[in-house]
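Here is a short report on helix packing and ring contacts. Please keep the structure open while reading.

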Amino acid sequence: MNRKEIEMYFERMEALKAFMESNSLEHFQEQIFRVKDFLTRFDSLDSLIKELRIIENMAYTIKEYLTIDEAARFLGVSKSQVYKMTSTKVITVYKPTGKGIYIQRDELLNWIKRNPILSNEEIDKKVNLKIFELEQERQQKGDKK
């Protein structure tokens, strides 16, 4: 176990101790059954851990500013590609301490949207809008004569 895992283990032990001190045996059994019911929703402990990792990876998406690691996971690209995007100034970065790089989540969303491939429906909408605008211009010119 590494230091972080040991610290997390001790935190859980402290939480369990506090729980045991403040609850009755019946309440404790009730909580065990709740946990058991929760765990039965998953095929195995591995599937539960996989699900928790997915949730953990998604949790950073609610942050306003992301680190390089988080930005890479958010975009589904390598860290080196994110570094390249920052060094070529494709995306704006923030360095509040002069070292750590932070990227605004909206900046990444804008990068994703940079080269859209429109659906046929979207193309039809744009064409119809342009036709309507041209007809409006033609009618306004006709009214002026």
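## Helix pair α4 and α5

The model is predicted. Helix α4 spans residues 68–75 and helix α5 spans residues 79–87. Their axes come within 8 Å. The crossing angle is roughly 105 degrees. Angles of 65 to 115 degrees count as roughly perpendicular, and α4 and α5 are therefore roughly perpendicular to each other.

On the α4 side, the contact is made by Ile68, Asp69, Ala71, Ala72 and Leu75. On the α5 side, Lys79, Val82, Tyr83, Met85 and Thr86 meet them. By class, the contact has seven nonpolar, one polar and two charged residues.

## Surroundings of α4

Ile68, Glu70, Ala71, Ala72 and Leu75 are buried in α4. The buried residues of α4 pack against β1 (65–66), α5, β2 (103–104) and α6 (105–112).

The structure holds one aromatic pair. The ring centres of Tyr65 and Tyr94 are 5.5 Å apart, with the planes at 85 degrees, so the pair is edge-to-face. Tyr65 belongs to strand β1, and Tyr94 to the loop between α5 and β2. The pair therefore ties together parts that are 29 residues apart in sequence.

Tyr65 is partly exposed, at 34% relative accessibility. Tyr94 is also partly exposed, with a relative accessible area of 35%.

A charge also meets a ring: the charged end of Arg114 sits over the ring of Trp111. The distance to the ring centre is 4.1 Å.

Terms used
Residues numbered from 1 in each chain as written. Predicted model: local features only at pLDDT ≥ 70, side-chain atom pairs only at ≥ 80, totals over all residues. Heavy atoms only, no water. Axes fitted to C-alpha atoms, helices over the stretch in contact; angles between N-to-C directions. Helix = DSSP H or I, 4+ residues; strand = E, 2+ residues; numbered from the N terminus. Parallel < 35°, antiparallel > 145°, perpendicular 65-115°, else oblique. Contact = heavy atoms within 4.5 Å. Nonpolar A, V, L, I, M, F, W, Y, C, P; charged D, E, K, R; others polar. Buried < 20%, exposed > 50% of the residue type's maximum accessible area, 1.4 Å probe, protein only. Phe/Tyr/Trp six-rings, centres within 6.5 Å; stacked < 30°, edge-to-face > 60°. Lys NZ or Arg CZ within 6 Å of the ring centre and 35° of its normal.
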